[in-house]
Amino acid sequence: MSLRPSLKKLLGRGEASAPTIPSDLNITIRRQHRRSLMMRPVPGGFEVYIPRWMRPDNPKVTEFIHSALQKLGTEPPPIPAEQTSREQIIAMVNIWAERMELQPKRISFRDMRRKWGSCSSRENITLSTRLTWVAPHLAEYVVVHELVHLRVFNHGKEFKAMMSQYMPDWKSREKELNAVRF
Ligand SMILES: [Zn+2]
């Protein structure tokens with residue numbers, strides 16, 4: 001196991017016991033517009049939020065993670081079982097794109113926690129990898145939602161009308177998806 005640079009620095013200061021963070025822990029550090037440091041358990045790991053001005057290799061970050069792990073424990077919540085595969089989701093995109101006569105330029109998956117999907121003005125659709133943890137009919141709702149955005153770039157009347165046209169029960173699917181917590 002190699003010591004992280006920040007840990008080396010701490011050791012260099014001659015502290016009796018430098019904080020050690022198990023190297024097999026899946027820890028993601030994200031810079032945010034915030035003042036203080038925060039860590040929270042997420043499926044399969046931990047997310048640490050730090051102020052934008054702070055570098056992730058700042059020793060304060062390592063110290064913070066170390067003490068947070070002592071409070072939270074080093075066992076992250078389990079990763080939910082897969083309910084819908086990426087292949088299934090891509091197949092849904094293809095089926096619906098044809099049905100709706102719309103074609104996104106590019107489809108990609110990203111680990112997004114705040115959104116299930118997004119559609120850029122360049123007509124690229126990004127889907128959250130977390131969609132694989134929800135039931136197919138919910139993933140399908142997100143697919144149709146993002147495809148509609150290729151034509152309507154807001155959630156106004158036109159958007160709702162188009163959703164209802166293609167997916168009459170979209171509101172109940174949306175409600176069900178909004179209740180999903182990971
Ligand atoms: Zn939307």
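Visitor: Which residues in H3 meet which residues in H4?
Guide: From H3 they are Gln88, Ile89, Met92, Val93, Trp96, Ala97 and Met100, and from H4 they are Pro136, Ala139, Glu140, Val143, Val144 and Leu147. Residues are in contact if their C-beta atoms, placed from the backbone, lie within 7 Å. By class, this contact has 11 nonpolar, one polar and one charged residues. Ala, Val, Leu, Ile, Met, Phe, Trp, Tyr, Cys and Pro count as nonpolar, Asp, Glu, Lys and Arg as charged, and the others, Gly among them, as polar.

Visitor: What are these numbers based on?
Guide: This is a predicted model, in which local features need pLDDT of at least 70 and side-chain atom pairs count only at pLDDT 80 or more, while totals for chains, interfaces and linings use all residues. Residues are numbered from 1 along each chain as its sequence is written.

Visitor: At what angle do H3 and H4 pack?
Guide: Helix H3 (residues 86–100) and helix H4 (residues 136–148) pack at about 45°, with their axes 10 Å apart. H3 and H4 are therefore oblique to each other; angles under 35 degrees count as roughly parallel, over 145 as roughly antiparallel, 65 to 115 as roughly perpendicular and the rest as oblique.

Visitor: And how do H4 and H6 cross?
Guide: The axes of H4 and helix H6 (residues 170–178) cross at roughly 115° and come within 9 Å. H4 and H6 are therefore roughly perpendicular to each other. On the H4 side the contact is made by His137, Leu138, Tyr141 and Val144, and on the H6 side by Trp170, Arg173, Glu174, Glu176 and Leu177. This contact of H4 with H6 has five nonpolar, one polar and three charged residues.

Visitor: New topic: where is Glu101?
Guide: Glu101 is in the loop between H3 and strand E4 (106–110). Its phi is positive, about 55°, although Glu101 is not a glycine. Most residues other than glycine have a negative phi.

Visitor: Is Glu101 buried or exposed?
Guide: Glu101 is exposed, with 7 other C-beta atoms within 10 Å. A residue is buried if 20 or more other C-beta atoms lie within 10 Å of its own, exposed if 12 or fewer, and partly exposed in between, with C-beta atoms placed from the backbone.

Visitor: What about phi of Glu123?
Guide: Phi of Glu123 is also positive, near 70°. Glu123 sits in the loop between strand E5 (117–119) and strand E6 (124–128), and counts as partly exposed, with 13 C-beta neighbours inside 10 Å.

Methods:
Axes are lines fitted to C-alpha atoms, for helices over the stretch in contact, and angles run from 0 to 180 degrees between N-to-C directions. Helices (H or I, at least four residues) and strands (E, at least two) are DSSP runs, numbered from the N terminus. Two residues are in contact if their C-beta atoms, placed from the backbone, lie within 7 Å.
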